[in-house]
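Opening the notebook on a new model today. I'll jot down what I look up as I go, loop by loop and then around the ligand.

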Amino acid sequence: MNVVFLSPGFPAEMPLFARGLAQVGAKVLGVGDQPAAALPPEAREVLSDYLQCSFSDENAAVEQVRAWLRGRSVDRVECSWERLMYLAARLRHAFGVPGMTMEQTAIVRDKERMKQAVEAAGLRVPRHGRAQSRQEAWSVVERTGFPAILKPIDGAGSQNTFRCDDAAQFEAALERTRHVDEISVEEYVEGEELTYDTVCAGGRILFENVSWYKPKPMILAQNEWISMQNIVLRDIHAELPRPGVELGHGVLRALGFETGFTHMEWFRTASGEAVFGEIGGRPPGARLVHAMNYGYDLDLFTGWAEAVCYGRLSQDTTPKYNASMIFKRAQGHGPRVVEHRGLRELMQRYGEHVATIELTPVGEPKRDWRKVVVGDGWIVVRHPDLAYTLQMSDAFVNDLLVVAG
Ligand SMILES: Nc1ncnc2c1ncn2[C@@H]1O[C@H](COP(=O)(O)OP(=O)(O)O)[C@@H](O)[C@H]1O
Ligand SMILES: [Mg+2]
């Protein structure tokens, strides 16, 4: 099984997917824009070959890959990074390889196309519309109403995403997104925000997960002092997650999704209704794959690879724990981390349930949380009981201070 894997060295989790492919016996042919020498060792170790290639011109990239392959057969073209998904689809087309087509990729990359497809299946999406000009944006919001959300049509990481409560805020948001070619305008949906994630093969769901964002990603992107929690829920059929699982099943059917990771975000309103947010045909970022691994005690990097290569997932997918992942951001104005306040007490109390903890060491520069998703700390606590997991998680949020000075 020869698998062309795009960008095996970047972002940080890609070497783990490359390793997964190698672990299930595939020959991994890496294509990336980094020089081979700059690849992380974990990626280099598992690649059978590597092509450094510029991604700025996709047609040229396809030809370069073709020349490099020199007639070697290709069974799959895989890409776990959102930015190169169209290129992956082009390569599949060029080499006649199964997997997501350009058209299927557009549906999971374009926030309007995906909502149209989901809506057409009779599922609940926010009122929405696309806009390429100020005028178009105003005509959409007249229909969708306030409060509204304004965001790039193919955005990521809550960048350039604004909640607007009235016309003045909407005008200000339009001003701040003038550099964005196309925007999506939506009804703002009040409620909790959760994910619904799967690994599928041949249209069958082999693994499914719901996790709960606290707070919602948009708030996190705007407030430095907040520690994010993302909680992988052990019982996805409990009252909180269940509507999203049902919605997720409908969405996958509506999209005709076949094989690979999916990552959907949805809102749970106070009345318990699930409203579609967005879906990606790729694994979630921000270490959520790690968090799912801790919750289910498995390795989804390899599980995904097995699904993609052989259409099955042979690991035990029974949920074991609620797993809460917490990202800390250093507080204080200095450039370096000077203290992990509260850590010792927390470890005394909850240490046995801490699956992993990694904080910026004392003495090192604090990280730029806008660039490094885990900020100055990454902690996973886990327990079969949800209430206890939330209690531990809150304790790490409130009683652990990574102090910068
Ligand atoms: N219609 C909406 N109602 C409420 N919040 C929203 C809405 N659309 C987006 N958001 C908030 O903005 C964040 C980013 O939007 P999203 O569509 O997920 O884009 P991306 O994650 O690609 O940046 C969401 O996680 C959510 O917190
Ligand atoms: Mg999102």
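In which loop does Arg 287 lie? I traced Arg 287 to the loop between S14 and helix H11 (288-296). My helices (H or I, at least four residues) and strands (E, at least two) are DSSP runs, numbered from the N terminus.

Ground rules, before I go on. This is a predicted model, where local features need pLDDT of at least 70, side-chain atom pairs count only at pLDDT 80 or more, and totals for chains, interfaces and linings use all residues. Residues are numbered from 1 along each chain as its sequence is written, while chains are lettered from A and ligands numbered from 1 in the order in which they are written.

**Entry: positive phi**
I looked up the backbone of Arg 287 and found a positive phi of about 65°, although Arg 287 is not a glycine. Arg 287 is also buried, because 20 other C-beta atoms lie within 10 Å. For the record, buried takes 20 or more other C-beta atoms within 10 Å of a residue's own, exposed 12 or fewer, and partly exposed is in between, with C-beta atoms placed from the backbone.
Arg 70 has a positive phi too, near 40°. I found Arg 70 in the loop between helix H3 (58-69) and strand S4 (76-78). Arg 70 counts as exposed, because it has 6 C-beta neighbours inside 10 Å.

**Entry: cis peptides**
I noted a cis bond from Phe 10 to Pro 11, with omega near -10°. Pro 11 sits in the loop between strand S1 (2-6) and helix H1 (14-23). Another cis bond joins Lys 214 and Pro 215, with omega about -5°. Pro 215 belongs to the loop between strand S11 (211-214) and H9.

**Entry: ligand 1**
Which residues come nearest to ligand 1? Of the 20 around it, I listed Glu 186, Val 189, Lys 216, Pro 217 and Met 218; a residue counts as near if its C-beta atom, placed from the backbone, lies within 6 Å. At least two shell residues each come from strand S6 (148-152), strand S8 (183-187), helix H9 (217-222) and strand S14 (274-280). Ligand 1 lies between domain 2 (102-122 + 189-313) and domain 3 (127-187), because both give residues to its shell. I took the domain bounds from an automatic or database domain assignment.

**Entry: whole chain**
I counted 14 helices and 19 strands. The C-alpha trace spans about 60 × 55 × 45 Å along its principal axes. Buried residues make up 44% of the 405 residues.
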